[in-house]
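Have a look at the sequence and the 3D view below. Then come back here for a guided walk through the parts.

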Amino acid sequence: CLVGSEMCIRDSYRMDAKAEGQTVVIGGWKSQGGTKTCDAKWFSLELTRATAPWAFKQGEPFRTIASLELLGTLVGLMVLVPPGSPPRGESSAVVSLSCGTDNQGNTHLLDRMLTTKYPLGVVLMELAHQMRVRRLVLRAHRLPRLENEEADALTNFDYRHFKAENRVAVSLESLKFAVLDELFAEGEKY
């Protein structure tokens with residue numbers, strides 16, 4: 001669809017996050033165009049105190065679940081929608097992508113692009129930068145938990161719906177964040 005100068009693409013990817021005890025995992029898969037899970041690119045990434053110390057700072061990681069869900073959205077954008085991959089219309093067009101999540105709070109967060117909460121604000125700033133680089137607007141729509149079962153399975157190390165050869169190898173250290181690492185370092189000092 002085309003709305004004004006904004007080209008829309010429905011449901012580009014789906015993602016989820018899990019924080020249970022000391023287990024923290026984000027996962028997602030590229031669902032654009034009705035892709036079946038067996039044909040989809042996907043990722044699943046376990047986070048640790050070494051790779052994401054901010055997720056463990058408030059005690060139990062479940063306390064940062066909104067930030068973890070947004071991090072999953074960010075990583076999904078970076079690995080499943082690399083710069084230059086969305087279809088381009090006119091040179092001034094902005095592409096609007098949609099991702100599915102079962103976190104309703106983050107759907108509102110992406111609509112407003114505003115928060116004062118830490119660490120959520122840091123992840124949101126990086127996401128805003130990554131959207132700008134791709135010249136797109138990312139909208140999240142809430143999926144009932146039963147409609148997001150495949151992404152949920154990825155956070156539970158259940159890969160039976162997906163082919164191993166379609167897995168996108170990803171680590172937080174290998175992603176080229178523009179501001180995330182620096183802002184988290186400043187957050188730690190503060």
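What follows is a short tour, starting with confidence and ending with charged pairs.

Residues are numbered from 1 along each chain as its sequence is written, and side-chain values use heavy atoms, leaving out hydrogens and water.

The score called pLDDT is the predictor's confidence in each residue, from 0 to 100. For this protein the mean is 84, and 85% of the residues reach 70 or more. Confidence is lowest in strand 1 (residues 2-3), with a mean of 40, and highest in strand 5 (residues 42-47), at 97. (Helices, H or I with at least four residues, and strands, E with at least two, are DSSP runs numbered from the N terminus.) Over residues 1-9 the pLDDT is below 50. Where pLDDT is low, the predicted coordinates should not be read in detail.

## The nonpolar cores

A nonpolar core here is a set of buried Ala, Val, Leu, Ile, Met, Phe, Trp, Tyr and Cys residues joined through side-chain atoms within 4.5 Å. Buried means under 20% relative accessible area, exposed means over 50%, and partly exposed is in between (1.4 Å probe, protein chains only). The largest core has 41 residues, and Leu 47, Leu 71, Val 75 and Leu 172 touch the most other members. Which helix gives the largest share of this core? That is helix 1, with nine residues.

Let's zoom in on Leu 172. Leaving aside neighbours within four places in sequence, Leu 172 is in contact (heavy atoms within 4.5 Å) with Leu 45, Leu 47, Thr 51, Ala 52, Leu 71, Val 75 and Phe 177.

## A hairpin

Strand 3 and strand 4 run antiparallel and are joined by eight bridges; two strands count as paired if DSSP finds at least two bridges between them. Ala 19 stands opposite Val 24 in strand 4. This hairpin has two residues between its strands, and Gly 21 takes a positive phi near 65°. Seven of the eight residues of strand 3 are buried, so the strand is largely enclosed by the rest of the structure.

Met 113, with a phi of about 55°, lies in the loop between helix 2 and helix 3. Phe 157, with phi near 60°, is in the loop between helix 4 (149-155) and helix 5 (180-189). A cis peptide bond joins Tyr 118 and Pro 119, with omega about 10°.

## Charged pairs

A salt bridge is a side-chain nitrogen of Lys or Arg within 4 Å of a carboxyl oxygen of Asp or Glu. By this rule there are three salt bridges. One joins the side chains of Glu 188 and Lys 57 (3.5 Å, N to O). Glu 188 lies in helix 5 and Lys 57 in the loop between strand 5 and helix 1, so the pair ties together parts that are 131 residues apart in sequence.

Glu 186 forms a salt bridge with Lys 189, their closest N and O atoms being 3.3 Å apart. These two are three residues apart in helix 5, so about one helical turn separates them. Asp 158 and Arg 160 also meet in a salt bridge, at 3.0 Å from N to O.

Technical notes:
This is a predicted model: local features need pLDDT of at least 70, side-chain atom pairs count only at pLDDT 80 or more; totals for chains, interfaces and linings use all residues.
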